[in-house]
Amino acid sequence: MNSPQSDEELGRAFRRVAASLGWSPNALLKSAEPSAYRHRWSVMPNSAPFHHVLNETIIKSEHLERWQEWSDKLIPPGCRIDRLIWPDTTSTTRLLSPKGLVLAAFIEHPRLPNQ
């Protein structure tokens, strides 16, 4: 648990950031939740909630030979396609360059029974 002093420091830092953006602390706080929700299933996750990789395929020249001849200009050999599954069953499908940059991604949220 944080001490009251660290809570005070956090409050000062939060107010300082809000002021630097020209926002009230309340407005910044209200924008934080939707922003955190939007980034929850990031295409480049580096914080919780954590995912696990369900499928992963490395694209090789054999794959590209079966695709249209122009596709290798967009997707060079060594790219990776993977599918991440999050704790709430949301999935993120990504196409990554050989250097690990996300070239394309699709986020699929779980469907509720009444949808």
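Val 17 is partly exposed, at a relative accessible area of 43%. Here partly exposed covers values between the buried class (under 20% relative accessible area) and the exposed class (over 50%), with a 1.4 Å probe and protein chains only. Val 17 sits in helix H1, residues 4–21. Together with Leu 21 and Trp 23, Val 17 forms a nonpolar surface patch of about 290 Å² of accessible area. Such patches take residues with over 30% relative accessible area and no salt bridge; nonpolar side chains (Val, Leu, Ile, Met, Phe, Trp, Tyr) are joined within 5 Å, like charges within 9 Å.

## Model basis

This is a predicted model: local features need pLDDT of at least 70, side-chain atom pairs count only at pLDDT 80 or more, and totals for chains, interfaces and linings use all residues. Residues are numbered from 1 along each chain as its sequence is written, and side-chain values use heavy atoms, with hydrogens and water left out.

## Fold and surface

The protein chain holds 4 helices and 4 strands. Their order from the N terminus is α-α-β-α-α-β-β-β. Both kinds are DSSP runs numbered from the N terminus: helices are H or I with at least four residues, strands are E with at least two.

Of the 115 residues in the protein chain, 18% are buried. Contacts mean heavy atoms within 4.5 Å. Among contacts with a separation of 6 or more, 36% join residues 24 or more positions apart. The accessible surface of the protein chain is about 9,000 Å², and carbon and sulfur atoms supply 57% of that surface. Areas come from the Shrake-Rupley method with a 1.4 Å probe; for residues, only the protein chains shown count as cover.

The rule asks for a side-chain nitrogen of Lys or Arg within 4 Å of a carboxyl oxygen of Asp or Glu.

Which residue forms a salt bridge with Asp 82 at 3.7 Å between the closest N and O atoms? That partner is Arg 80. Arg 80 counts as partly exposed because its relative accessibility is 25%. Asp 82 is buried, with a relative accessible area of 3%.

Asp 82 also bridges to Arg 94, with the closest N and O atoms 2.8 Å apart. This pair links distant parts of the chain: Asp 82 lies in strand E2 (residues 80–85) and Arg 94 in strand E3 (residues 91–96), 12 residues apart. Asp 82 and Arg 94 are both buried.
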